[in-house]
Amino acid sequence: MATLITALPANAVRVSLGSHQVEIRGQAVIVDDRLIPVQPVPIAVLRTLARSPGRVMSCADIRRNMPTGASVDDHAIEMAISRLRRALDGTQLIHTVIRRGYRLAS
């Protein structure tokens, strides 16, 4: 159990986005010390965007970088972005770049 407690935080994705500190863990994200539970597909999309903060990623880019076995279409990605925005209310961390895709604030 102790190994698990120390290993899980080490696997978290950490990124600074503007004035926000973001840590993505398992099925939750921590934004400025606030723990926010997130569903599986939206958290996978967030992880994908967090690997390249500031880079615009199309739905096809996001789909290519999703974990193996995740079969999602453009609509599922759009819904995941919508759910992320609701969950991360007030942070404005996810930006839409019209006709190009999505990016995390940098």
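Me: What does Arg63 count as, at 32% relative accessibility?

Reply: This is a predicted model, where local features need pLDDT of at least 70, side-chain atom pairs count only at pLDDT 80 or more, and totals for chains, interfaces and linings use all residues. Residues are numbered from 1 along each chain as its sequence is written, and side-chain values use heavy atoms, with hydrogens and water left out. Buried means under 20% relative accessible area, exposed over 50%, and partly exposed in between (1.4 Å probe, protein chains only). At 32%, Arg63 is therefore partly exposed.

Me: Which residue forms a salt bridge with Arg63?

Reply: A salt bridge puts a side-chain nitrogen of Lys or Arg within 4 Å of a carboxyl oxygen of Asp or Glu. Here the closest N and O atoms are 2.6 Å apart. The partner of Arg63 is Asp74.

Me: How many residues apart in sequence are the parts that Arg63 and Asp74 tie together?

Reply: Helices are DSSP runs (H or I, at least four residues), numbered from the N terminus. Arg63 lies in helix 3 and Asp74 in helix 4. So the pair ties together parts whose separation in sequence, in residues, is eleven.

Me: Which residues are linked with Glu23 in a network of salt bridges?

Reply: Glu23 is buried, at 14% relative accessibility. Its side chain meets Arg14 at 3.5 Å, N to O, and Arg25 at 2.4 Å. The network joins Glu23 to Arg14 and Arg25.

Me: How many of the eleven residues of helix 2 are buried?

Reply: Helix 2 spans residues 40–50 and is mostly covered. Its buried residues include Pro42, Ile43 and Leu49.

Technical notes:
Helices (H or I, at least four residues) and strands (E, at least two) are DSSP runs, numbered from the N terminus.
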